[in-house]
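I opened the notebook to record what I looked up in this structure, entry by entry.

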Amino acid sequence: MRELVYIATCNRVEFAFVSEGPTPMVEYRRRIFAALTGRPPFSGEAEQALRVWQGEGAAEHLFLLTAGLDSARLGESEVTGQVREAIDTSRELGLMGPRLEHVFGEALRVAKRIRPITEGRNGKVSLADIAVRHVEERLQRTPGSVALIGVSPMTEQCARTLASAGVSVIVVNRTKERAETLAREIGAQARSLDEFRRAPDRVEAVVTATGGREPVLGRGELERLAARTGSGESPLVIDLGVPPNVDPDVARTADVPRIGMHEISAEAAHDRDRLLLEFADARAIVDHALTEMRRHAAERLVGPMIAQLRLRYRHTAIEGVERLFERELAGVGEAEREVIRRWAETLARRFAHVPSLGLRDLAFEAGPTAVATFFGNAEPELARELREAAERAGMDMLEPSSDDS
């Protein structure tokens, strides 16, 4: 990687980088997975765990991310500060280069323009909101208590929402003192995780969001929970842990319904798309910024080529005129020759005008690959100049959007 920015937000990590040569993106995904987990991925594991954006699609994603339009809580501004911190860290480490400086600078300018539109109008979608929605649906059918495992921002939000709705809440944490602090605030009961595992309370739902790498509830604990519900139904488990706090296969074996982070995130994305309609003006700013960035990159790409074409046209015209002066127009005086030379130069500029317009449109609409094809049969020197110009312009950024998820 020639340039790199590492972004960490509340519920994701992202790598923005400029690739070194033609290495396939699938290989980068495997490398990043190994760097994050400390082990190589199994077949298909990296593709399932990590999403990838390239070219203009990557710029669009960065714009939406920085403006808070890709956040679970639509329009939140904290993510802009987190992106600024990531930029500063990359600069300090010498990992920031001209390509990422440009696109991140555009992302921050877009976020600044969008801020007045979204400020005070944050969407109401959050992962905790969705978890609570599922719990409330369950309690409408089988009223009872809810256990919240792990004291984290998401479980705290769930706890306060449920408690304010009159739901009996039990706060569970490895360190009981932390559970007691939250429990006192919302009028709930507190348990240590060991106590809850040994003798679980009678609950209809469990929301868990701990940072541990191992599951917090195994088959035995799940079966004890299922045996104690007042309704006779197995309790609903909402697992917001990453990695999962409850193994999906174990929950299935214990016949306990489980909704994991993948399903919750998918619901958040669906709700976010719906709420984006309320921020149509903000989305228009993103689209306009992408169009302008593409236009400027296209101009940087073809500008040197157009200049070279004009020089070739001019050289060819003057060369032809000088040959005429040596033969058919040998008797023409110097003053008349100068007039003919100026006429030839003007004609050459007019002839070069139409292909220049075409090249600009081709680069803007179809990208550098199409421009390279256009010059496929050009002289080697002209082809080399094209490659160098494409590199300076940020060739990848002009390629069509790509999201291979």
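**Helix H3.** I compared the length of H3 with expectation: at 1.5 Å a residue its twelve residues should span 16 Å, and its end C-alpha atoms are 17 Å apart, which agrees. The expected span is 1.5 Å times one less than the number of residues, and helices (H or I, at least four residues) and strands (E, at least two) are DSSP runs, numbered from the N terminus. The model is predicted, so I kept in mind that local features need pLDDT of at least 70 and side-chain atom pairs count only at pLDDT 80 or more, while totals for chains, interfaces and linings use all residues. Residues are numbered from 1 along each chain as its sequence is written, and side-chain values use heavy atoms, with hydrogens and water left out.

Ten of the twelve residues of H3 are buried, among them His61, Leu62, Phe63, Leu64 and Leu65. After H3 comes Gly68, with a positive phi near 80°.

**The cores.** I looked next for nonpolar cores, meaning sets of buried Ala, Val, Leu, Ile, Met, Phe, Trp, Tyr and Cys residues joined through side-chain atoms within 4.5 Å. The largest has 34 residues, and Val5, Ile7, Phe63, Val103, Phe104, Ile114 and Val286 are those with the most contacts inside it. Two or more residues each come from strands E1 (3-8) and E2 (13-18) and from helices H3 (55-66), H4 (78-92), H5 (98-118) and H13 (280-326). H5 gives the largest share of this core, nine residues. Another core, of 31 residues, lies apart from it and includes Leu127, Val151, Val207 and Leu236.

**The sheet.** In which order do the six strands of the open sheet lie? I read the order as E6-E5-E4-E7-E8-E9, with parallel pairing, where two strands pair if DSSP finds at least two bridges between them. E6 and E9 are the edge strands, each pairing on one side only.

I followed E4 (residues 145-149) in detail: five of its five residues are buried, so the strand is largely enclosed by the rest of the structure. Ser145, Ala147 and Ile149 point one way from E4, and Val146 and Leu148 point the other way. I noted the general rule beside this: in a regular strand the side chains alternate between the two faces of the sheet.

E4 pairs in the parallel sense with E7 (residues 203-208) over five bridges, and there Ser145 has Val203 as its bridge partner. With E5 (residues 169-173), E4 pairs in the parallel sense over four bridges, and Ile149 has Val172 as its partner. E5 and E6 also run parallel, joined by four bridges, with Val171 opposite Ala190.

I checked the handedness of two crossovers, calling one right-handed if, with the strands pointing away from the viewer, the path from the first strand over the helix to the second runs clockwise. E4, helix H7 (residues 153-164) and E5 make a right-handed β-α-β unit, and E5, helix H8 (residues 176-186) and E6 make a right-handed β-α-β unit as well.

**Two arginines.** What does the side chain of Arg191 make a polar contact with? I found the side chain of Asp201, at 2.8 Å; a polar contact is a pair of N or O atoms within 3.5 Å, where within protein one must be able to donate a hydrogen and the other to accept it, and residues adjacent in sequence count only if both atoms are side-chain atoms. Arg191 lies in E6 (residues 189-192) and touches, among others, Ile170, Val172, Lys176 and Phe196, contact meaning heavy atoms within 4.5 Å.

Arg197 lies in helix H9 (residues 193-198), and a polar atom of its side chain is 2.8 Å from the backbone oxygen of Val216. I also listed Pro215, Leu217, Glu221 and Arg224 among the residues that Arg197 touches. Arg197 and Gly220 are 23 residues apart in sequence and 8.8 Å apart in space, C-alpha to C-alpha.

**Asp255.** I noted that Asp255 has a positive phi of about 60° although it is not a glycine. Asp255 is in the loop between helix H11 (248-253) and strand E9 (258-259), and at 58% relative accessibility it counts as exposed.

Notes
Buried means under 20% relative accessible area, exposed over 50%, partly exposed in between (1.4 Å probe, protein chains only). Lists of a residue's contacts leave out its neighbours within four places in sequence.
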